[in-house]
Amino acid sequence: MTLNWSYLYRQRGVLRQLQLLVGAPFIILTAMSGFQGPVYFALFTSAFFYLTTLILFFIRLLGKYWVGLFLIQMIHDLLAAALYIALMGIMIDQTLGQSYCNFEDFPLPCAYNIFLGASVCGGLCFGLYLLSAYFRCTSLIVWLHEDDAAR
């Protein structure tokens, strides 16, 4: 079994690696923040998309590729981008809710910086997934246009 090493250096491979590198801190920061209401949803959703991104990355790295996988990856990226907007909103709301404790001599533990970091990571994840979905959609349009031209 050989690995598709060239995938690691291509545009889509680098985007997948960046999604994994930015998604991991989002999960860690969300888990560190303490579990409150919507943070459960954020943690579950980000972990789900992290694991599915990891699976899709390894399938592509192993050289297994078919047209159905392309469509699955496109739908995955569009869903992840849409849900990371919601996750970013949740983290921004939690950050604003913790803004009172961002004073120097506040005696209790404060999760403001953790929520702020998670908000930034959520925004980066949204941008990376949206960029990946954009590249996949344009590739699909080009492929369909070439298929029509061949007929």
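Which residues in helix 2 meet which residues in helix 3? The views below take this up first. The model is predicted, with local features needing pLDDT of at least 70 and side-chain atom pairs pLDDT 80 or more, while totals for chains, interfaces and linings use all residues. Residues are numbered from 1 along each chain as its sequence is written, and side-chain values use heavy atoms, leaving out hydrogens and water.

**View 1. Helix 2 meets helix 3.** Gly13, Arg16, Gln17, Gln19, Leu20, Gly23, Ala24, Phe26, Ile27, Thr30 and Ala31 in helix 2 meet Val39, Ala42, Leu43, Ser46, Ala47, Tyr50, Thr53, Leu54, Leu56 and Phe57 in helix 3 (contact: heavy atoms within 4.5 Å; helices: DSSP runs of H or I, at least four residues, numbered from the N terminus). By class, this contact has 13 nonpolar, 7 polar and 1 charged residues (nonpolar: Ala, Val, Leu, Ile, Met, Phe, Trp, Tyr, Cys and Pro; charged: Asp, Glu, Lys and Arg; polar: the others, Gly among them).

**View 2. The largest nonpolar core.** Among its 22 residues, Phe26, Tyr84, Leu87, Met91 and Tyr129 touch the most other members (core: buried Ala, Val, Leu, Ile, Met, Phe, Trp, Tyr and Cys joined through side-chain atoms within 4.5 Å; buried: under 20% relative accessible area, 1.4 Å probe, protein chains only). Two or more residues each come from helix 2 (11–32), helix 3 (37–61), helix 4 (67–97) and helix 5 (112–150). Helix 5 gives the largest share, 8 residues.

**View 3. Around Tyr84.** Leaving aside residues up to four places away in sequence, Tyr84 touches Phe26, Ser46, Phe49, Gly122, Cys125, Phe126 and Tyr129.

**View 4. A second, separate core.** Tyr7, Leu8, Leu20 and Phe57 are among its 5 residues.

Note on methods: Buried means under 20% relative accessible area, exposed over 50%, partly exposed in between (1.4 Å probe, protein chains only).
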